[in-house]
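Student: Please show me how to read this structure, one feature at a time. I would like the general idea and then the case at hand.

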Amino acid sequence: MTEAPYTPTGFSPFRGVPLTVIGEDGEIFLALGHHDDSRMLAAVAAFHRTEYGMRHLPEPGEQPAVARTWALFTQDEFEGENYEWYVTFTGPLTPGAQPVTRVDDDTLGDHQFLARPTRCPRCRRMSGAADTRPHDGGLAFRHRCRTCTTTWPATHRQLLAAASGGGR
Ligand SMILES: [Zn+2]
């Protein structure tokens with residue numbers, strides 16, 4: 001007797017790829033089905049943009065680790081916690097295993113927060129990226145000019161999206 005494979009919940013389409021993030025620190029991007037590297041990475045980039053207001057900057061010469069593998073989704077509780085499901089990575093021959101594609105977040109390089117693009121007050125260069133930086137004895141979300149190193153206040157793109165009620 002064969003059971004129909006369980007379809008796990010919580011995946012949303014990004015660039016047509018059903019994607020979610022798993023792990024305690026959201027360290028693994030997981031997609032249902034096998035996807036080629038460029039399609040998977042485009043989906044992960046779209047996830048970063050819309051969910052985190054971030055983009056990743058690959059380290060020169062380093063490739064993100066995209067793995068097409070197999071997974072068993074289980075609905076039972078795991079270690080006493082009641083999750084919607086948990087996942088075990090397996091081989092293709094495990095009964096009930098489904099094809100999945102995963103990307104480990106720590107292979108994507110640095111992250112950069114996206115901000116509303118504004119001009120450097122000193123040299124007028126546009127900047128659409130910003131970060132939390134020490135400022136005035138505290139921390140503030142600020143652009144930093146790559147040309148002249150001036151910093152100035154930034155507005156996080158996620159906050160803009162939330163304020164305007166915008167989605168993806
Ligand atoms: Zn500047």
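Student: Which residue just after α1 takes a positive phi?

Tutor: Gly53, with phi at about 60°. Helices are DSSP runs of H or I with at least four residues, strands are E runs of at least two, and the numbering starts at the N terminus. Keep in mind that this is a predicted model, where local features need pLDDT of at least 70, side-chain atom pairs count only at pLDDT 80 or more, and totals for chains, interfaces and linings use all residues. Residues are numbered from 1 along each chain as its sequence is written.

Student: Where does Arg15 lie, and what is its phi?

Tutor: Arg15 sits in the loop between β1 and β2. Although it is not a glycine, its phi is positive, near 55°. Thr149, in the loop between β10 (138-144) and β11 (151-153), also has a positive phi, of about 65°.

Student: Does Thr149 count as buried or exposed?

Tutor: We count other C-beta atoms, placed from the backbone, within 10 Å of the residue's own: 20 or more is buried, 12 or fewer is exposed, and anything in between is partly exposed. Thr149 counts as exposed because it has 10 such neighbours. Arg15 has 15, so it is partly exposed. Across the 168 residues of the chain, 17% count as buried.

Student: Which residues of α1 are buried?

Tutor: Met40, Leu41, Ala43, Val44, Phe47 and His48. Seen down the axis of α1, they fall within an arc of 155°, so they line one face of the helix. That arc is taken from the directions that run from the helix axis to the C-beta atoms.

Student: How far does α1 reach from its first C-alpha to its last?

Tutor: The expected span is 1.5 Å times one less than the number of residues. With 16 residues, α1 reaches 21 Å, close to the expected 22 Å.

Student: Which strands do the buried residues of α1 pack against?

Tutor: A contact means that two C-beta atoms, placed from the backbone, lie within 7 Å. The buried residues of α1 pack against β1 (12-14), β2, β3, β4 (54-57), β5 and β7. One of them, Val44, touches Phe29 and Val103, leaving out residues up to four places away in sequence. Val44 is itself buried, with 24 other C-beta atoms within 10 Å.

Student: How many residues does the largest nonpolar core have?

Tutor: In soluble globular proteins, nonpolar side chains tend to be buried together. A nonpolar core is a set of buried Ala, Val, Leu, Ile, Met, Phe, Trp, Tyr and Cys residues joined through C-beta atoms within 7 Å. Here the largest has 16 residues, and Leu19, Ala31, Met40, Ala43 and Val44 have the most contacts inside it. At least two residues come from each of β2 (17-22), β3 (28-32), α1 (37-52), β5 (66-74) and β7 (98-104). The most come from α1, which gives 5.

Student: What does Leu19 touch?

Tutor: Leu19, in strand β2, touches Phe11, Ser12, Phe14, Phe29, Ala31, Ala43 and Phe47, not counting residues up to four places away in sequence. The C-alpha atoms of Leu19 and Met40 are 9.1 Å apart, though 21 residues separate them along the chain.

Student: In what order do the 5 strands of the open sheet come?

Tutor: Strands of a sheet pair through backbone hydrogen bonds, either parallel or antiparallel. Two strands count as paired if DSSP finds at least two bridges between them. The order is β4-β8-β9-β10-β11, with antiparallel pairing. At the edges are β4 and β11, each pairing on one side only. Neighbouring strands are turned by 55° against each other on average, direction ignored. Such angles run from 0 to 180 degrees between N-to-C directions, with axes fitted to C-alpha atoms, for helices over the stretch in contact. On this sheet packs α1, touching β4 and β8, with its direction at about 145° to that of β4.

Student: How many bridges join β5 to β7?

Tutor: There are 6, and the two strands run antiparallel. Within that pairing, Thr69 has Val100 in β7 as its bridge partner. Strand β5 also pairs in the antiparallel sense with β6 (residues 86-90), over 5 bridges, and there Leu72 stands opposite Thr88.
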